[in-house]
Amino acid sequence: VKTLMMDGLADAVTPLGAGLLLLRDHEPTGSGPSLTTAPLDAAVLIGCSGLLRESLETVKARGIPVVVIEGDAGDDVPRIGLDNREAQRQAASHLRALGHREIAIVTLPARVDWQRGWLHDDTAVTVDVTRERLAGALDVFPDATAYAAAGSFIDEGFAAGREIFADPDRRPTAVIAQSDLLAAGVIRAAEEAGLRVPEDVSVTGFDGIVVDGLAPYELTTLVQPATDKGRAAGAAVAAMLEGTPAASIRFTCTFREGNTTGPAPALA
């Protein structure tokens, strides 16, 4: 998804004669350019890491234009957003219509430096994307259990799936994963546990990317317009550099049904 966003961003800023410099939230001391030291005309911050606020203050202190993708930086910063809550609610409603009632959720990290584990009622979820997608699933399944991964990787989905399917007497009939990579890992964990997808357990993803090696599965997922998000961020940057106002934009996901979801086992 980030690659597609970068493609869109590059398309938008190339006519300005500008290039892209990719920076991590924190660079080890002396390891290279950072948000503090790199020569920048403008910054585009992606809010999925949980370090948005800290990065935002660094950029604002330098007095350069800033645009945020997938994060809330306040009314004075243009935001390129996504209908995360509504989209995730749509996937959850699809599962409910199929008769599922026992649901587990595999989320993106809950906060900075999160080490994978179960979420509890008192767990602070500070990453905007994680919180919004979790809320969408809980709108439909308020009693669902949730396990937060340490990142959006197949291995993390596999580890979460192992935890979720560990007890044969408490296995869910469906898993809502907050990314397609996490969903792919959950499917592999289901196979390891001897479960068939979707006959024994349904799995949904989020993003709409191509996951290598997932065949014969085609994920039921939410397809987000990642390239368009990048282009919109680039257009906002261009406007700010020209001294004109840049509007915040909110994109909509498209629900795509694949072959990883089916009727709850009792109804099959």
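Which residue in β6 is the bridge partner of Ile105?

Some housekeeping comes before the tour. This is a predicted model, where local features need pLDDT of at least 70 and side-chain atom pairs count only at pLDDT 80 or more, while totals for chains, interfaces and linings use all residues. Residues are numbered from 1 along each chain as its sequence is written, and side-chain values use heavy atoms, with hydrogens and water left out.

When I say helix or strand, I mean a DSSP run, H or I of at least four residues for helices and E of at least two for strands, numbered from the N terminus. Two strands pair if DSSP finds at least two bridges between them. As a reminder, strands of a sheet pair through backbone hydrogen bonds, either parallel or antiparallel.

Now, back to my opening question: the partner of Ile105 is Ala146 in β6. Strand β4 and strand β6, residues 145-148, pair in the parallel sense over four bridges. Both belong to an open sheet of five strands in the order β5-β6-β4-β7-β8, with mixed pairing. Its edge strands, each pairing on one side only, are β5 (117-118) and β8 (202-204).

Contact here means heavy atoms within 4.5 Å. For directions, axes are lines fitted to C-alpha atoms, for helices over the stretch in contact, and angles run from 0 to 180 degrees between N-to-C directions. Helix α4, residues 128-140, touches β4, β6 and β7, and its direction makes about 170° with that of β4. Helix α3, residues 84-97, lies across β7 (174-177) and β8, running at about 170° to β7.

Let's move to the other sheet. Here an open sheet of four strands runs in the order β1-β2-β3-β10, with parallel pairing. At its edges, each pairing on one side only, are β1 (43-46) and β10 (249-251). Direction ignored, neighbouring strands of this sheet are turned by 15° against each other on average. Inside it, two bridges join β2 (residues 66-69) to β3 (residues 79-82), and Val68 has Arg79 in β3 as its bridge partner.

Next, a pair of helices. The axes of α1 (residues 2-13) and α7 (residues 226-241) come within 6 Å and cross at roughly 35°. Residues of α1 in this contact include Leu4, Met5 and Leu9, and those of α7 include Ala226, Arg231 and Ala233. By class, the contact has eight nonpolar, four polar and three charged residues. In that count, Ala, Val, Leu, Ile, Met, Phe, Trp, Tyr, Cys and Pro are nonpolar, Asp, Glu, Lys and Arg are charged, and the others, Gly among them, are polar.

Finally, a few backbone details. Most residues other than glycine have a negative phi, and most peptide bonds are trans. Asp113, in the loop between β4 and β5, has a positive phi near 60°. The peptide bond from Val197 to Pro198 is cis, with omega near 10°, and Pro198 sits in the loop between α6 (180-192) and β8. Another cis peptide bond joins Ala215 and Pro216, with omega about 15°. You will find Pro216 in the loop between β8 and β9 (221-223).
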